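Dear colleague,

I am passing on a structure for you to look through, together with notes on what turned up in it. Please keep it open beside this message as you read.

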Amino acid sequence: MSEEKTRVDFNAPRSLVERADRAADLLDISRTQLLIDALQDELAELTDNDEFRARIKQAYYDGRADYQTIEDLLGTEAAMRLKLLRDSIDRAPPEPVLDDELPSDDEFYEGNVETWSDSDESDA
């Protein structure tokens, strides 16, 4: 099953189009196929580039790129990893809540509070 196609129109320098047409003729492929191959190659090269990957990650953390964009560009595994990392960054640690007053030392230790001094016999 082939993927649905979208028509794209753009302007390019005439000389570039003529070079593309000559290359397509030599490769015995259509100009469209040449452009599709070039786009795929460029996207593959970009997604392997560390600087580009860092920019994508920063865009995701800043909220300028959504999960689907990350998945489309870097794949599901990388997108899930970024999502988990961002979720862990956004998560506030739970704060303990004390419902009652703290017990005094006497209440907590039942009146027998151990004290420490450096003159204890542990050195003997």
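Does Asp 28 count as exposed or buried? At 70% relative accessibility, Asp 28 counts as exposed, where exposed means over 50% relative accessible area, buried under 20% and partly exposed in between, with a 1.4 Å probe and protein chains only. Asp 28 sits in the loop between helix 1 (14–27) and helix 2, and its phi is near 60°, a positive value in a residue other than glycine. Helices here are DSSP runs of H or I with at least four residues, numbered from the N terminus.

Before going on, please note that this is a predicted model, in which local features need pLDDT of at least 70 and side-chain atom pairs count only at pLDDT 80 or more, while totals for chains, interfaces and linings use all residues. Residues are numbered from 1 along each chain as its sequence is written, and side-chain values use heavy atoms, with hydrogens and water left out.

**Two helices**

Two packed helices are described by the angle between their axes and the distance between the axes. The axes of helix 2 (residues 31–48) and helix 3 (residues 50–62) come within 5 Å and cross at roughly 80°, the axes being lines fitted to C-alpha atoms over the stretch in contact and the angles running from 0 to 180 degrees between N-to-C directions. Helix 2 is therefore roughly perpendicular to helix 3, a term that covers 65 to 115 degrees. Leu 46, Thr 47 and Asp 48 of helix 2 meet Asp 50, Phe 52 and Arg 53 of helix 3, contact meaning heavy atoms within 4.5 Å.

Thr 47, which belongs to helix 2, is buried, with a relative accessible area of 13%. If residues up to four places away in sequence are not counted, Thr 47 touches Phe 52, Arg 53, Leu 73 and Leu 74.

**An aromatic pair**

Searching the whole structure gives one aromatic pair. The ring centres of Tyr 60 and Tyr 61 are 6.3 Å apart and their planes lie at 50°, so the pair is tilted; rings of Phe, Tyr and Trp (its six-membered ring) pair if their centres lie within 6.5 Å, and planes under 30 degrees apart count as stacked, over 60 as edge-to-face and the rest as tilted. Tyr 60 counts as buried at 2% relative accessibility, whereas Tyr 61 counts as partly exposed at 30%.

Key:
Helix = DSSP H or I, 4+ residues; strand = E, 2+ residues; numbered from the N terminus. Parallel < 35°, antiparallel > 145°, perpendicular 65-115°, else oblique.
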